[in-house]
Amino acid sequence: MALKILFSPSESKISLNTNDKFDGKNLIFSELFSKRAEILKRYDEFLKSANLDEIKKLFGLKELEDSEQLRESLSKKGSIKAILRYDGVAYKHLNYRGLSVEAQKYIDNNVLIFSNLFGPILAKDEIAEYKLKQGEKLAGFDICKFYEQNFSKAVDSFLENDEILDLRAKFYEKFFT
């Protein structure tokens, strides 16, 4: 029996990437890849077709300049471990890079982060840089509800027989109760 930790993402993210391009196939719950790919495709399509005001709303930003990079597909971006991508207060205090290799490995395999875009992912899962304001919908599509409906059974199985420490913000209960 292990202790599984449920964690929230953070609004702030670092731009650092590995050389690997993001493809999403190596994320936890690979059997549900086609479901996750549906959301990522919607996100990419939205960025390509939306006007600047719609993108600013999606990102939760007041100012933003239109650019090719802004509308770049996730599959063209590099990736990095989720635990290193997020850069908010909780992540700074965790200080993942300052932990022992053994502690890092434990976090990699036992911390489940509820990403606004990628859904439930492990700390070690490599994700692309993205921007998505908590609770925003993709052209009216409710991402939280989608992940709750399609991933809850897999999350239940992952957490089965383990102790759970839920450190998520209340909002993320919409993804998984």
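A residue is called buried when its relative accessible area is under 20%, exposed when that area is over 50%, and partly exposed in between, with a 1.4 Å probe and protein chains only. The structure is a predicted model, in which local features need pLDDT of at least 70 and side-chain atom pairs count only at pLDDT 80 or more, whereas totals for chains, interfaces and linings use all residues. Residues are numbered from 1 along each chain as its sequence is written, and side-chain values use heavy atoms, with hydrogens and water left out.

The chain holds 6 helices and 6 strands, where helices (H or I, at least four residues) and strands (E, at least two) are DSSP runs numbered from the N terminus. Read from the N terminus, these elements follow the order β-α-α-β-α-α-α-β-β-β-α-β. The radius of gyration, taken over C-alpha atoms, is 16 Å, which agrees with the value near 16 Å for a compact globule of 177 residues; the rule behind that value is 2.2 Å times the number of residues to the power 0.38. Along the principal axes, the C-alpha atoms fill a box of roughly 50 × 35 × 30 Å.

Of the 177 residues, 47% count as buried. The accessible surface, computed by the Shrake-Rupley method with a 1.4 Å probe, comes to about 9,700 Å², and 49% of this surface belongs to carbon and sulfur atoms. With contact taken as heavy atoms within 4.5 Å, 74% of the contacts between residues at least 6 apart in sequence join residues at least 24 apart. The chain carries 29 positive and 29 negative charges, whose mean positions are 2 Å apart; Lys and Arg count as positive and Asp and Glu as negative, while His and the chain ends are not counted, and each charge is placed at NZ of Lys, CZ of Arg, CG of Asp or CD of Glu.

Helix α2, residues 52-59, has Ile55, Lys56, Leu58 and Phe59 as its buried residues. They cover an arc of only 160 degrees around the axis, which puts them on the same side of α2; the arc is that of the directions from the helix axis to the C-beta atoms. An α-helix has 3.6 residues a turn, so residues three or four places apart point the same way. On the other side of α2, Asp53 and Lys57 are exposed, and the cover over the buried residues of α2 includes α1 (33-49).

Helix α1 also contains lysine 48, which is exposed, with a relative accessible area of 54%. When its neighbours within four places in sequence are left aside, lysine 48 is in contact with Arg71 and Ser73. Lysine 48 and serine 157 are separated by 109 residues in sequence and, from C-alpha to C-alpha, by 36 Å in space.

Two loop residues other than glycine have positive phi values. Phenylalanine 29, in the loop between β1 (3-7) and α1, has phi near 65 degrees and is buried, with a relative accessible area of 8%. Alanine 139, in the loop between β5 (126-128) and α6 (143-159), has phi of about 50 degrees and is exposed, with a relative accessible area of 68%.

Asparagine 110 lies in helix α5, residues 101-110, and counts as buried at 8% relative accessibility. Residues up to four places away in sequence not being counted, asparagine 110 touches Ala2, Leu3, Lys4, Ile5 and Leu122.
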